[in-house]
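Subject: Handing over a structure

Dear colleague,

I am passing on the structure below, and after it you will find an account of what turned up when I went through it. Please read the two side by side.

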Amino acid sequence: MRERYELATARIREIQEELRDAADASTDVNTFKNEKNETNNFFDIEKYREYLLEICDMFLILEEVFQAQPEDSRFPEWNERLNRSIAGDAYEKSFGNPSFCAARFGKQEGTCLCWLFASFRSGIPAAYEKDEETLLHCMELFLQVYTILTDEDEKARSLKEAIYYFVHDYDEEQMEKSIRLNPEGRQSAYIRSLVMDSDLSNPAYLYWYGEYVTENEIRMARFLSSLPENTLAEMARTYTEGYRKGFEIAGIDLSQKKTVQIRYHIGFEALVRPAVEQFRAMGLEPVFRRSFVTSTSPNRQYPYDHRYDDALYLNKAFVSRRLDLAEHIYEKNKEEAAAYAGPAVIEVFGEKLFVPTTKKESLSYTKEQEKLSVEYRRDFSLLTNRYIPQNSYSFTIIAYPMPEIGEQFEDIFRDTVKVNTLDAAQYQRIQQALIDALDQGEYVRVTGRGANHTDVRIQLHALDDPDRQTNFENCLADVNIPVGEVFTSPVLRGTEGVLHVTQVYLNELRYENLEIVLKDGMVTEYRCSNYETEEENKKYIKENVLYNRETLPVGEFAIGTNTTAYTMGRRYGIEAKLPILIAEKTGPHFALGDTCYSMSEDVVLHNPDGKEIIAKENECSALRNTEPEKAYFNCHTDITIPYDELGDIQVFTKEGKTITLLREGRFVLPGTEALNEALMQ
C-alpha cells in the first residue's frame with residue numbers, strides 16, 4: 001500500500017510538471033509534443049489540461065495534508081484552496097458544475113468528467129483522517145482517467161467503464177463505512193478525538209476536519225466556548241435527557257444498548273463534549289460518522305447538481321448487489337447493530353435561503369431508474385429494520401441557530417434555548433385539552449384564510465373504548481425537542497381536500513404557493529409557482545417532496561402549539577429559516593410519507609393521562625405483514641400552515657356537534673387560551 005501510494009504521488013507530480021511545461025512552452029503545442037516526447041500526446045490532451053492540472057494540484061495539496069501534523073499553520077490555506085473552485089461565483093466556471101463541463105467537453109464526456117471531479121474530491125476527508133487506502137483509490141482512478149484521455153478512441157465509453165468499475169470495486173468498502181457502528185473505527189475515533197481532545201478555545205481545530213470552514217463555524221465555536229461550563233452542561237442535558245426519556249416512554253431497555261450516534265454541525269464541539277460524558281454515564285459510547293458531521297457548504301448548488309450522480313450506473317444488477325452487500329455486512333456485524341441505541345441529532349438553522357437551479361446538464365434518472373431508486377430505498381430500509389428494528393431503539397433531535405442568521409445571532413440563540421426548555425407540564429395540560437376535544441371527533445376540518453386556500457378534511461380512527469384509548473399523542477420535549485404538538489396518523493379513506501401554503505421551506509428548499517390535492521389520503525395533484533412552466537414545478541415537487549414517486553399518503557396530521565417559537569420567528573424575521581423541527585410546532589401540519597410510528601406500530605404507547613395511543617397506522621402501513629413493499633415509503637415531510645395563514649380548526653362529531661379549537665389562527669377552546677399570549681406580543 002505504501003509503495004503504491006508513493007508511486008501514485010510521484011506520477012501525479014510528474015503529470016503536473018508536464019502539463020505546466022506544455023502551458024509555458026513558447027512554441028505551439030504540436031511542436032512541443034514532437035520535441036518533448038511523441039508518447040505524451042499533448043496535442044490530444046490540450047483541451048483537458050486545465051481540468052487535469054486542477055486535479056493534480058488538489059492531490060498534491062492532499063499529500064501535504066496527509067503528511068502534516070495538527071500544529072501545521074497551513075490548514076486554513078489548504079481549506080481555502082481545496083474549496084476555491086466550487087465556492088461562491090467561482091462555481092459558474094467550475095469542473096464540478098455540469099453546465100460548465102458540458103459546454104467545455106460536450107454532454108457525454110462532460111457528464112463523466114464532472115462526476116469524476118466530485119469523486120476525486122472524496123479524497124479530501126481521507127487525507128485528513130490519514131486514510132491512505134481511500135486516498136490511494138482516488139489517486140489511482142485519476143491516473144487511469146489521465147491515461148484514457150490521452151487515447152482518442154472511444155474516450156467517453158472508457159470513462160464510463162472506469163467509473164463503473166471504480167464504484168463496483170470499492171462499493172463494499174464504502175457500504176461497510178456507512179453501515180458499521182463501531183466507536184473505534186478510524187473515522188469515528190478521529191472525530192471523537194477532535195471533540196474530546198482539542199483546545200476548544202482556539203478555533204484552529206476546526207480545520208482538522210477537512211470540511212469547509214467559514215465564519216459560521218468559527219463564530220459558533222468561539223461563542224459556545226465562551227459560555228460557562230455549567231450552562232453548556234445544562235444545554236447538553238436537555239438533549240441527552242430527551243434521548244433517555246424516549247426509551248422510557250417507549251418501554252425500551254436502554255441498559256441493553258452500547259452505542260449512540262451523535263450528529264452535529266462543526267463548531268458545536270463545546271456542547272457535544274459534555275453530551276458525550278452524559279451519554280457515557282448512561283452506558284453509551286458515541287459513534288461518529290463524517291456524513292453526519294456537517295459544515296457550511298461552499299456552494300449549495302453543487303450537491304444539488306450532483307444529487308443523481310448514481311444515474312451513471314444505477315441498474316437492477318447494481319441494486320441487487322448492493323442489497324446483498326448490505327445484508328452481508330449487517331449479518332457480520334449483527335451484535336454491533338443490536339447494541340445500537342439510535343441517533344442523537346443537533347440540527348442547525350439560519351443559513352442563507354436557497355432556491356436551486358435545475359440544470360438540464362445534471363444527471364437525472366430515467367423512469368426505470370426512478371422506480372429502482374424508490375425500490376432500493378424501501379428494501380434497504382426494510383433490511384436495516386431486520387437488524388436494527390425501529391421498535392428497539394430511540395432518538396432525539398434539537399436545533400440551534402448558526403451565526404449566519406444575522407446580527408442578532410446571540411439573542412436568537414438564547415431565545416432558542418428558552419424555546420427548547422419551555423415548561424412541559426403547562427404544555428401537557430393545554431395539549432390534553434386539545435386531545436380531549438379531538439377524541440370526540442369523527443373528522444377534523446382545517447381551513448386557511450387570506451391568500452391561503454387550504455381546506456382539508458382529516459378522517460380520525462374510531463375509538464372502541466374512549467375511556468382508555470386516544471387518537472392523538474401528547475408530544476412533550478423528549479425525542480422531539482422543543483415541546484409543542486399533538487399528532488395522529490389519520491385514516492386515509494375520507495381524508496381529502498387542498499393543502500396550500502404561500503411559501504415554505506422543506507428540507508432547505510423553498511416552495512412558492514405549494515399546493516397538494518388529496519383524495520382518500522393520497523396525493524393526486526401537486527403544483528407550485530417556483531418556475532415558469534408547470535412541467536418544471538411538478539418535477540421539482542416530485543423529486544424533492546414525493547421522492548420520485550407518483551403519490552404518497554398523508555402519514556401525520558398534527559396541531560402545533562408552540563406559539564413562543566412562532567413569535568420568536570416573527571420577532572426576528574426568521575420564520576423561513578426555522579427548521580422543520582421547530583416550524584412544525586408553529587401551526588397545524590401534515591406529513592407526506594410514513595407515519596410517525598413507521599415500523600414500530602406494535603409498540604404500546606400511552607399518553608401521560610394513561611390512555612393508550614391507538615392511531616399509529618393507516619391503510620398503507622397496515623400492509624406491513626402481508627405486503628411490506630407497499631407499507632413504507634422511507635420519507636416523512638412535514639408541511640406547516642403558519643398561524644397567520646390559518647383560518648379555523650374544527651372537530652366534527654358523529655352526533656353532529658362542532659367543536660372549534662382555533663378560529664382565524666387563535667386558540668378558542670377552553671383551557672388553551674394561554675397559547676394566545678405569545679401571539680399577542
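**A buried arginine and its surroundings**

Arg-549 is buried, with a relative accessible area of 8%, and this arginine is found in the loop between H21 and strand S14 (554-560). Please keep in mind throughout that the model is a predicted one. If residues up to four places away in sequence are not counted, Arg-549 touches Val-374, Arg-377, Lys-542, Phe-633, Asn-634 and Cys-635. Between Arg-549 and Pro-343 there are 206 residues of separation in sequence and 27 Å in space, taken from C-alpha to C-alpha.

Asn-548 is found in that loop too, between H21 and S14, and it has a positive phi of about 65° although it is not a glycine. At 7% relative accessibility, Asn-548 counts as buried, since the cut-off for that term is under 20%.

Helix H21 itself, residues 534-544, is the place of Tyr-540, a residue that is buried with a relative accessible area of 2%. Leaving out residues up to four places away in sequence, Tyr-540 touches Tyr-304, Pro-356, Leu-509, Arg-510, Tyr-511, Cys-528, Asn-530, Tyr-531 and Val-545. Tyr-540 and Leu-363 lie 177 residues apart in sequence, and their C-alpha atoms are 15 Å apart in space.

**The protein as a whole**

The secondary structure of the protein comes to 25 helices and 20 strands. For 681 residues a compact globule would have a radius of gyration near 26 Å, and the 27 Å of the protein agrees with this; the C-alpha atoms fill a box of roughly 95 × 55 × 50 Å along the principal axes. Buried residues make up 58% of the 681 residues, and the accessible surface comes to about 28,500 Å², of which 47% belongs to carbon and sulfur atoms. Among contacts between residues at least 6 apart in sequence, 76% join residues at least 24 apart.

**Charges and salt bridges**

There are 78 positive and 116 negative side chains in the protein, and the centres of the two sets lie 1 Å apart. Side chains of opposite charge can pair when their charged atoms come close, and the structure holds 50 salt bridges.

One of these salt bridges joins the side chains of Glu-211 and Arg-290, at 2.7 Å from N to O. Glu-211 lies in the loop between helix H11 (186-197) and helix H12 (215-226), while Arg-290 lies in the loop between strand S2 (285-287) and strand S3 (293-294), so the pair ties together parts that are 79 residues apart in sequence. Arg-290 counts as buried, at 10% relative accessibility.

Another salt bridge is formed by the side chains of Glu-6 and Arg-2, at 3.9 Å from N to O; these two residues are four apart in helix H1 (residues 2-24) and are therefore separated by about one helical turn. Both ends count as partly exposed, Glu-6 at 46% relative accessibility and Arg-2 at 37%.

In helix H19 (residues 409-420), Arg-414 and Glu-410 are likewise four residues apart, about one turn of the helix, and their side chains meet in a salt bridge at 3.7 Å, N to O. Arg-414 is partly exposed with a relative accessible area of 40%, and Glu-410 is partly exposed with 36%. Glu-601, Asp-602, Glu-617 and Arg-624, for their part, are linked in a network of salt bridges.

**Backbone details**

A cis peptide bond joins Ile-481 and Pro-482, with omega about 15°, and Pro-482 has its place in the loop between strand S9 (473-475) and strand S10 (485-488). Glu-664, a residue other than glycine, has a positive phi near 50°; its place is in the loop between strand S19 (658-663) and strand S20 (666-667), and at 52% relative accessibility Glu-664 counts as exposed.

Methods
Residues numbered from 1 in each chain as written. Predicted model: local features only at pLDDT ≥ 70, side-chain atom pairs only at ≥ 80, totals over all residues. Heavy atoms only, no water. Rg over C-alpha atoms; globule rule 2.2 N^0.38 Å. Buried < 20%, exposed > 50% of the residue type's maximum accessible area, 1.4 Å probe, protein only. Contact = heavy atoms within 4.5 Å. Areas by Shrake-Rupley, 256 points an atom, 1.4 Å probe, with all protein chains shown as cover. Lys, Arg positive; Asp, Glu negative; His and termini not counted. Charge placed at Lys NZ, Arg CZ, Asp CG, Glu CD. Salt bridge = Lys/Arg side-chain N within 4 Å of Asp/Glu carboxyl O.
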